Amino acid sequence: MEDHNTGNTSPAASVASADIAAEFAALTVEEQERQRAEWSQELARVEEEINTLRTVLASKTRHASDLKRKLGITVWKEITDDMNQGLKNVKESTVFQRTESVLKTTGERTASVFSSITGGISSKFSQMKNSESMRSIEEKVGSAYENVKTKVSTSRSGSVSSFPDELRENNSSALNTP
């Protein structure tokens with residue numbers, strides 16, 4: 001008797017195989033032939049049963065497919081239902097629940113950090129806007145604008161100077177003002 005599962009047997013199976021081989025070797029030649037004939041007949045019956053079961057299974061599978069088709073259950077619907085059930089199972093799992101909780105907490109903390117950063121930036125801009133140097137710049141720009149506006153109005157009423165000349169003149173005077 002040959003072992004076709006060499007290397008894949010458990011120690012218990014190896015001991016059982018060794019016991020069977022020893023018992024078989026202890027038989028006479030006639031008894032060995034009779035035992036082989038019994039095993040061959042039993043193998044033929046088992047293979048016949050397997051083939052019968054395969055035929056029955058194929059018939060039942062075809063019948064189930066026909067019933068599904070009549071009920072309007074398509075392969076796509078089965079896949080969709082399986083996917084939906086799988087997603088439901090995942091969402092209900094404790095691992096998913098914990099992960100979702102951690103992500104929610106992390107998102108809230110991140111939003112809080114960004115909020116404090118943007119609040120800090122807004123505060124700095126407010127401080128800059130209210131600072132003395134910013135007011136000074138605003139005054140100089142406002143003064144230059146008013147001077148240009150006045151010069152342009154005056155030039156329209158008869159003066160010959162051009163807008164670029166007036167702009168240059170006001171820029172130099174605004175920059176020289178302390």
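Trainee: Is Q32 buried or exposed?

Mentor: This is a predicted model, and Q32 belongs to its helix α2. The relative accessible area of Q32 is 16%. Buried means under 20%, so Q32, at 16%, counts as buried.

Trainee: Which residues is Q32 in contact with, apart from its neighbours within four places in sequence?

Mentor: Q32 is a buried residue of helix α2. Once the neighbours within four places in sequence are left aside, the contacts of Q32 are F24, A25 and L27.

Trainee: How many residues of the protein are there, and what percentage of them count as buried?

Mentor: The elements run α-α-α-α-α-α from the N terminus, with 6 helices and 0 strands. The protein exposes about 15,200 Å², and carbon and sulfur atoms supply 59% of that area. There are 178 residues, and the share that counts as buried is 5%.

Trainee: What distance does α2 reach from its first C-alpha to its last?

Mentor: Helix α2 covers residues 29-71, and its number of residues is 43. At 1.5 Å a residue, the expected value is 63 Å. The reach of α2 in the model is close to that, at 62 Å.

Trainee: Is T61 buried, partly exposed or exposed?

Mentor: T61 also lies in helix α2. A polar atom of its side chain is 2.7 Å from the backbone oxygen of L57. The limits are 20% and 50%; T61 has a relative accessible area of 45% and is therefore partly exposed.

Trainee: What separates the C-alpha atoms of V75 and S65?

Mentor: V75 is in helix α3 and is exposed, because its relative accessible area of 57% is over 50%. V75 and S65 are 10 residues apart along the chain. Their C-alpha atoms are separated by 9.6 Å.

Trainee: At what angle do α3 and α4 pack?

Mentor: Two packed helices are described by the angle between their axes and by the distance between those axes. Here V90, K91 and E92 of α3 meet T94, F96 and Q97 of α4. The residues of this contact divide into 2 nonpolar, 2 polar and 2 charged. The axes of α3 (residues 75-92) and α4 (residues 94-129) are 5 Å apart, and the packing angle is about 65°.

Note on methods:
Residues are numbered from 1 along each chain as its sequence is written. This is a predicted model: local features need pLDDT of at least 70, side-chain atom pairs count only at pLDDT 80 or more; totals for chains, interfaces and linings use all residues. Side-chain values use heavy atoms; hydrogens and water are left out. Helices (H or I, at least four residues) and strands (E, at least two) are DSSP runs, numbered from the N terminus. Buried means under 20% relative accessible area, exposed over 50%, partly exposed in between (1.4 Å probe, protein chains only). Accessible areas come from the Shrake-Rupley method with a 1.4 Å probe; for residues, only the protein chains shown count as cover. A polar contact is a pair of N or O atoms within 3.5 Å; within protein, one must be able to donate a hydrogen and the other to accept it, and residues adjacent in sequence count only if both atoms are side-chain atoms. Axes are lines fitted to C-alpha atoms, for helices over the stretch in contact, and angles run from 0 to 180 degrees between N-to-C directions. Contact means heavy atoms within 4.5 Å. Ala, Val, Leu, Ile, Met, Phe, Trp, Tyr, Cys and Pro count as nonpolar, Asp, Glu, Lys and Arg as charged, and the others, Gly among them, as polar. The expected span of a helix is 1.5 Å times one less than its number of residues.
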